[in-house]
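Me: I've never looked at this structure before. Could you walk me through how to read it, one feature at a time?

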Protein chains: 2
Amino acid sequence: MLRIGIDAMGGDFAPEAVVQGAIAAAGELPEGSTVVLFGDAEQIGAILAAENHPADAFEIVHTTEVIGMNEHPAQAFVKKTDSSVVVGFHHLKAGKIDGFASAGNTGAILVGSMQVMQQIEGVIRPAISAQINTSNGRSFLLLDVGLNVDCKPEVLYQYAVIGNAYAQNIMKLESPRVALLSIGEEKEKGNIATKAAYELMEQGNQFRFVGNVESKYIFTGDLADVVVCDGFVGNIILKQAEGFYEIAKANGVDDPYINKLNYEIVGGTPVLGINGNVMVGHGCSSPFAIKNMILQTERTIRGRLVRKLCEIFN
Amino acid sequence: MLRIGIDAMGGDFAPEAVVQGAIAAAGELPEGSTVVLFGDAEQIGAILAAENHPADAFEIVHTTEVIGMNEHPAQAFVKKTDSSVVVGFHHLKAGKIDGFASAGNTGAILVGSMQVMQQIEGVIRPAISAQINTSNGRSFLLLDVGLNVDCKPEVLYQYAVIGNAYAQNIMKLESPRVALLSIGEEKEKGNIATKAAYELMEQGNQFRFVGNVESKYIFTGDLADVVVCDGFVGNIILKQAEGFYEIAKANGVDDPYINKLNYEIVGGTPVLGINGNVMVGHGCSSPFAIKNMILQTERTIRGRLVRKLCEIFN
């Protein structure tokens, strides 16, 4: 049995939105996969009852504390040992669940990722990533999108290795096109870090390097499957796409591709390079977003990415 | 008489598109402003004749050489002394024209900006900027968009000063909201350079600092009139917007705001912080883009921004 742990108390609309999302996901999960909810058993039970869903549909791990969205992540993680996030991470570490997803306090999830799960040996710095739909009907992986804002060239190189493994094992691409995000396709275009990273990526033989790619072309999907950048730039790209989506929606634009830029469709961003499957959801996740986060966590677990990365880096 | 110099030989569709754009601009320029074309007089004359436009409508400065779009900028600038770009810059330096705009080899225009016009005393590094339409019907200035890819905090601070002066004198805003682009609105969010720049901007008293702004919100116009970032990040934002515009167009989206993201409407990006009014156009500029670049150059000249910046920095 594949067990997907979910932080029922995490997110602006928790626990309602999370439990509703779990119910929706349960109907779509393949045989042999189940959801484990971490949170207040009474509240969860009440929501299940209100939704006319069997009380024993999910395994519930009862927790008594909640880390709020605006709490100091590291301090809260230390103090609130019976919070859904902390208990969830300890279950993941102990192998009682196969993955853990939360739309709660992002900082606390990253503290759990780094301190409880820890980075894979050989990985300099883990990353958070985003799989983004492209206008040609595929998707690309962007990393880092916010964990490491100042990246050394060696870290960018490792992100290419990690992204390549993700694309092969989760996106199921045989030979992913791995690109470095820059401001010109020529090798000599870029900042100090990207120019040095280009050298490393060009010399490396761990992935198919297709050179620099400009931000103008990443959303078409025509040039790259994996796009590597530092967390400052990646976060800006992600949020700009979100901003465009929201402006288009506010203006009543109904375009099939722009609709697919809705973050809710993807649901979560995987933390990559740590010893476990951890997924970070958007704070304002709807039940639909939670459902997709759960399904994505399941795919990530099935891809056995952590084991693959351990083999690559050791 | 206000004289706007235009590189008739610059751009993928030069000289036709440039001359056609100049004809269109001439019909919209206010009394007392005139266009001066730099380029091959015979070719320009033939286009004017084909367009049934009087041969003496523009002053033409005949030049015999052209710097190609893919030539090495610095080398070409030294060798091709009778090119439209080099002659144009020397006319600007000598005060024979009040501004110079080109859709040609960007590198060569920047060489001219830095070596012929030179930076204003006190300005550490000039910037190129983009005035971008916002969904609330206004616009914001983004700088730097590609000249300095690795910026020290002091340079980012100066960009705020320069952007503020632009917003006051060209965008005609009394008290522009100046923001620092980052990945969270909190002061402690950002990379090493932006966090240090935040400190400087917070302590400074040369503009109204409104704090960090995320890329999600810059295109609404609700939070900032001037957005400061390094040239790597700014270039990526600009090109991502261009990419979204093109995907939306390809998909047949016809939204009034998205239509206004067409770079052709703005026409050019001013080089700021040098001793002269220089405008860089898109290589693939159409006559419509050239027309708007000329009109924008005229507004920039009338705003007397160079003089204002000299006063501020000296």
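Reply: Happy to, and let's begin with the cavities. Keep in mind that this is a predicted model. The lining of the largest cavity, by class, has twelve nonpolar residues, no polar ones and no charged ones.

Me: Okay, how do I read a cavity, and how many cavities of 30 Å³ or more are there?

Reply: The general idea is that rolling a probe the size of a water molecule over the atoms shows where empty space is left. In this model the count comes to four cavities of 30 Å³ or more. The largest cavity holds about 80 Å³ of space.

Me: Which residues line the largest cavity?

Reply: Both chains take part. From chain A the lining includes Ala241(A), Phe244(A), Tyr245(A), Ala248(A), Ile258(A) and Leu261(A). From chain B it includes Phe244(B), Tyr245(B), Ile247(B), Ala248(B), Ile258(B) and Leu261(B). Helix H9 (231-250) of chain A and helix H9 (231-250) of chain B are the elements that give two or more residues to this lining.

Me: How are the two chains related to each other?

Reply: Chain A goes onto chain B with an RMSD of 0.0 Å, using a turn of 180° and a shift of 0.0 Å along the axis. The two copies are therefore related as by a two-fold rotation axis. In chain A, the C-alpha nearest that axis belongs to Val233(A), 3.2 Å from it.

Me: And through which surface do the copies meet?

Reply: Of the interface residues of chain A, 100% are also interface residues in chain B, so the copies meet through the same surface.

Me: Now the strands. What is the strand order of the sheet in chain A?

Reply: In general, strands of a sheet pair through backbone hydrogen bonds, either parallel or antiparallel. Chain A has an open sheet of eleven strands with mixed pairing, in the order E3-E2-E1-E4-E11-E10-E5-E6-E9-E7-E8. At its edges are strand E3 (59-62) and strand E8 (208-213) of chain A, each pairing on one side only. From one strand to the next, the twist averages 25°.

Me: In which sense do strands E4 and E11 of chain A pair?

Reply: Strand E4 (residues 99-102) and strand E11 (residues 278-281) of chain A pair in the parallel sense, over three bridges. To find the spot, look for Ser102(A), which stands opposite Val280(A) in E11(A). A helix packs on this sheet too: helix H2 (residues 41-50) of chain A touches strand E2 (33-39) and E3, and its direction makes about 150° with that of E3(A).

Me: What about chain B: which helix lies across E4, E5, E10 and E11 there?

Reply: That's helix H5 (residues 106-117) of chain B, running at about 170° to E11(B). Helix H7 (residues 192-203) of chain B packs on the sheet as well, touching strand E7 (177-181), E8 and strand E9 (226-228), with its direction at about 160° to that of E7(B).

Me: Last one: what should I look for in the backbone itself?

Reply: The peptide bond from Ala14(A) to Pro15(A) is cis, with omega near -5°, and Pro15(A) sits in the loop between strand E1 (2-7) and helix H1 (16-26) of chain A. Another cis bond runs from Leu143(B) to Asp144(B), with omega near -5°. Asp144(B) is in the loop between strand E6 (139-143) and helix H6 (153-169) of chain B. As for phi, Asn52(B) has a positive value of about 55° although it is not a glycine. You'll find Asn52(B) in the loop between helix H2 (41-50) and E3 of chain B.

Key:
Residues are numbered from 1 along each chain as its sequence is written. Chains are lettered from A and ligands numbered from 1 in the order in which they are written. This is a predicted model: local features need pLDDT of at least 70, side-chain atom pairs count only at pLDDT 80 or more; totals for chains, interfaces and linings use all residues. Side-chain values use heavy atoms; hydrogens and water are left out. On a 1 Å grid over the protein atoms alone, a cavity is a set of points where a 1.4 Å probe fits but cannot get out, and a pocket is an open set with protein on both sides within 12 Å along at least five of seven lines; lining residues have an atom within 4 Å of a point. Grid points are joined across faces, edges and corners, and a volume is the space filled by probe spheres set on the points. Helices (H or I, at least four residues) and strands (E, at least two) are DSSP runs, numbered from the N terminus. Ala, Val, Leu, Ile, Met, Phe, Trp, Tyr, Cys and Pro count as nonpolar, Asp, Glu, Lys and Arg as charged, and the others, Gly among them, as polar. Two strands pair if DSSP finds at least two bridges between them. Axes are lines fitted to C-alpha atoms, for helices over the stretch in contact, and angles run from 0 to 180 degrees between N-to-C directions. Contact means heavy atoms within 4.5 Å. Copies are superposed by least squares on the C-alpha atoms of residues with pLDDT of at least 70 in both.
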